[in-house]
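Visitor: I have a model open and want to learn to read its features. Where do we begin?

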Amino acid sequence: MNPARPLIIESIGEVCPLLLSLQIERPFVVLDRLAYEASGAHEVLTPFFRQKATEFFTEFELNPKLDDVQRGIEAYRRSHADFTIALGGGTAIDLAKLIGALAMQPDEARDITVGNAPIQNAVKPLMAIPTTAGTGSEATHFAVVYVDGNKYSVAHPSLLPEFAVVDPKLTESLPRSITAATGLDAFCQAIESIWAVNATEESIRYASEAARLAYKNLETAASDPTYQARQAMSRASHLAGKAINITKTTAPHALSYALTSNYGVPHGMAVAVTLAPMLAFNAEVTERDCTDPRGSNAVHQRIAEILRCLECESVEAACGLVRRLLTKLECQPLREICGESDLADLVDSVNAERLLNNPRRASREQLVEVLRSARDG
Ligand code: NAD
């Protein structure tokens, strides 16, 4: 993978001159309409889109579904697009990745998304313009899609955008609740990336900076936003994306998907509810249940790095800090979302393979206990 990808553009004002210089004539634009209007991007980009043979794809649900990908592929093929642009949060960006890539393949989108067929043909370039500070999807080579209610992650080097417009001004219109939920996604991605089995020196560098920035700025960005806090969260989100582009995510993400698809919990909040109990769980890793080939000491060192990022002396203090952050961000407590009797079902819906990147092996009973602790804590 080209390490210089994506090329970062720091201001939405630079987009039209770049598109003109690239001689783009037929852009296919996956657009979150609300974000387009609210962020002010429409004022800058609409004149360009009007001059060109632009095809907009705007009718889709939040959190990409296969049906939306399939409709998008039909529209993309009809449009004979020469370039793809995604503007919105992780939903619009992941959809654009999937539509642009899968439209070029001979196999059916369903077969590719569930892993029964490969991405083999070249893909046209994608520019991702995030309007949330959370997913870092503009910096990753994978995309999340729900097929028949089950979550799949399609990964391929060609899904990594060619260009990423990381302009914090585009996030200024985010309401408090979405700033909180999306910012928590960035924060959790950073923490999970540090303890992930796949962590490398490079990924830990990105993730540590992201964790520090998010921890220090998320509350301000949500409750009393300043430009500096928005800027820090945009950077945190992008760096966390770069980190998980190397490591992928771990148990809190694996446990979150059923909370989102069955109970409608916003993605970042669904991930964050198990972060503190999972930190406590992973901190207890021993040689016997360690999944990291570098051994449990290496994991303990990375847990210590997480404590440094959160400026905490102990795991207990860090867990308390995370729980307090969720309260301040007005996350709905898990006990209001599901009952004790639902916890086992939530665990059963997790694909065991996705847990392999967690540094401590977890049995079904231990995962139920993590959820119970998240519920009662
Ligand atoms: P989102 O894209 O679903 O958007 C959430 C809401 O925010 C929407 O209602 C949208 O209209 C609104 N919104 C977006 N920008 C706005 C703005 N500037 N002003 C006002 N409202 C705005 O949310 P998200 O959290 O960015 O993305 C979540 C999706 O991303 C999930 O499907 C998740 O699985 C995926 N994801 C992907 C990756 C990856 O690397 N591919 C990583 C993490 C998450």
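Guide: With burial. A residue counts as buried under 20% relative accessible area. Keep in mind that this is a predicted model.

Visitor: Which residues of helix α3 are buried?

Guide: Helix α3 spans residues 41-51, and its buried residues are Ala41, His42, Leu45, Thr46, Phe48 and Phe49. There is a general idea behind such spacing. An α-helix has 3.6 residues a turn, so residues three or four places apart point the same way.

Visitor: What covers the buried residues of α3?

Guide: The cover includes helices α1 (15-21) and α2 (33-39). Strands β2 (27-31), β3 (55-57), β4 (83-88) and β5 (126-130) also take part.

Visitor: Now a single residue. Why does tryptophan 195 count as buried?

Guide: Because its relative accessible area is 0%. Tryptophan 195 sits in helix α7, residues 176-195. Look next at what it touches. Beyond residues up to four places away in sequence, the list includes Leu275, Met278, Leu279, Arg302, Ile303, Ile306 and Pro359.

Visitor: How far apart are the C-alpha atoms of tryptophan 195 and isoleucine 306?

Guide: They are separated by 8.2 Å, while the two residues are 111 places apart along the chain.

Visitor: Is aspartate 292 buried or exposed?

Guide: Buried, because its relative accessibility is 3%. Aspartate 292 lies in the loop between α12 (275-283) and α13. Setting aside neighbours within four places in sequence, aspartate 292 contacts Ala196, Val197, Val299, Arg302 and Pro359.

Visitor: At what angle do α8 and α13 pack?

Guide: Read angle, distance and hand together. Helix α8 (residues 201-223) and helix α13 (residues 296-309) pack at about 35°, with axes 9 Å apart. Their crossing is right-handed. From α8 come Ile204, Ser208, Ala211, Arg212 and Tyr215; from α13, Arg302, Glu305, Arg308 and Cys309. These contact residues divide into 4 nonpolar, 1 polar and 4 charged.

Visitor: Last, the ligand. Which residues come nearest to it?

Guide: Of the 29 residues around the ligand, Gly90, Thr91, Thr131, Thr132 and Thr140 come nearest. Then check the polar pairs. A polar backbone atom of glycine 90 is 2.7 Å from a ligand oxygen. A polar side-chain atom of aspartate 94 lies 2.8 Å from a ligand nitrogen. For serine 137, a side-chain N or O atom is 3.3 Å from a nitrogen atom of the ligand.

Methods
Residues numbered from 1 in each chain as written. Predicted model: local features only at pLDDT ≥ 70, side-chain atom pairs only at ≥ 80, totals over all residues. Heavy atoms only, no water. Axes fitted to C-alpha atoms, helices over the stretch in contact; angles between N-to-C directions. Helix = DSSP H or I, 4+ residues; strand = E, 2+ residues; numbered from the N terminus. Left-handed = near helix turned anticlockwise from the far one by under 90°. Contact = heavy atoms within 4.5 Å. Nonpolar A, V, L, I, M, F, W, Y, C, P; charged D, E, K, R; others polar. Buried < 20%, exposed > 50% of the residue type's maximum accessible area, 1.4 Å probe, protein only. Near = heavy atom within 4 Å. Polar contact = N/O pair within 3.5 Å; in protein donor to acceptor, adjacent residues only side chain to side chain.
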